[in-house]
Amino acid sequence: MTGDGPRLKADLALAGVAFIWGATFILVKEALDSISTILFLTLRFTLAAAALSFLFRRRATPNPRNRRQELAIGLGVGTCLFAGYVLQTAGLRYTAASKAAFITGFYLVLVPMLNAIIYRRAPGISEVAGIACATAGMALMTLKTFHLDFAWGDLLILGCSFAFALHIVVLGHFSPRMSYETLAVNQIATAALLGAASFWWMETPRLAWTPAVIGALVITSLFATALAFSIQSWAQQFTTPARTALLLSLEPVFAWITSFVVAGERLLPRVAAGALLILAGVLLVELKPIGSSAHPSTKAPSL
């Protein structure tokens, strides 16, 4: 079992990933005015895969004895990742962005549920309380109304939430079994290949090389994709899927802070309350003030 030192570093690293994703949200939103969504994702993943292949050109060399297994793992993790983005993109055509953000946040609940099925044991009280707090906070930050009527687009977004939850669970399962460099390269390259094979028929490609598009592609491919998913691949060797999901739920908090600082968006009391609830949820799972027994989904994987 890993010690508290590596686990703390991994948790802080995942919080940093949430910050990167939250901080780049406003860049992506502006860029999508000039480029179609799946084409943007394809270019983003392709540039990230190229950067990672060069950066990890020595350390990410496949093990000849496990080449097929490593490629299969990368294919599975990368497919989950790409499916999440595509389902989210498709769902946004038929539902409001605020509702989509909240439904996507259901991965907070789905990750410990999937782990409970795997380990055949219910989560602890602190884990349940933390997930409930974070989910309520997500609702306050994203929903303008609490009237939920599920439609086709909402079901697509729910599928996206399952894909992201599965990505976290599968990544947590396999990350201790192979180098994080190889895992990062394989999953991002898979997403890039799937994007290249699908953007031309899943949407009407649209691209204008504006400064916003160029800047967003450079920043998201290098930092929000190459760096962020490399960190996640490394960190999940030392922490757990449940903790990973909660730490990544800080993304909308950082997105709101960035929008407030950069774009001067108005501070709404409800949004601030939602941010505090998400933070409270993370602390509940981290500190476990209620109950002392740890569920297997909240234990770091053995190395």
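In the predicted model, L248 is in contact (heavy atoms within 4.5 Å) with L14, V17, A18, W21, Y107, I168 and Q232, its neighbours within four places in sequence being left aside. L248 is also among the members of the largest nonpolar core that touch the most other members, together with W21, F45, L52, Y85, M141 and I188. A nonpolar core is a set of buried Ala, Val, Leu, Ile, Met, Phe, Trp, Tyr and Cys residues joined through side-chain atoms within 4.5 Å, where buried means under 20% relative accessible area (1.4 Å probe, protein chains only). This core has 54 residues, and helix 1 (residues 4-31) supplies its largest share, seven residues. Another core, of 10 residues, lies apart from it and includes V28, L39, F199 and L217.

The chain contains 12 helices and zero strands, helices being DSSP runs of H or I of at least four residues and strands runs of E of at least two, numbered from the N terminus. Of the 303 residues in the chain, 50% are buried. Among contacts between residues at least 6 apart in sequence, 92% join residues at least 24 apart.

Residues are numbered from 1 along each chain as its sequence is written. Local features need pLDDT of at least 70 and side-chain atom pairs count only at pLDDT 80 or more, while totals for chains, interfaces and linings use all residues, and side-chain values use heavy atoms, with hydrogens and water left out.
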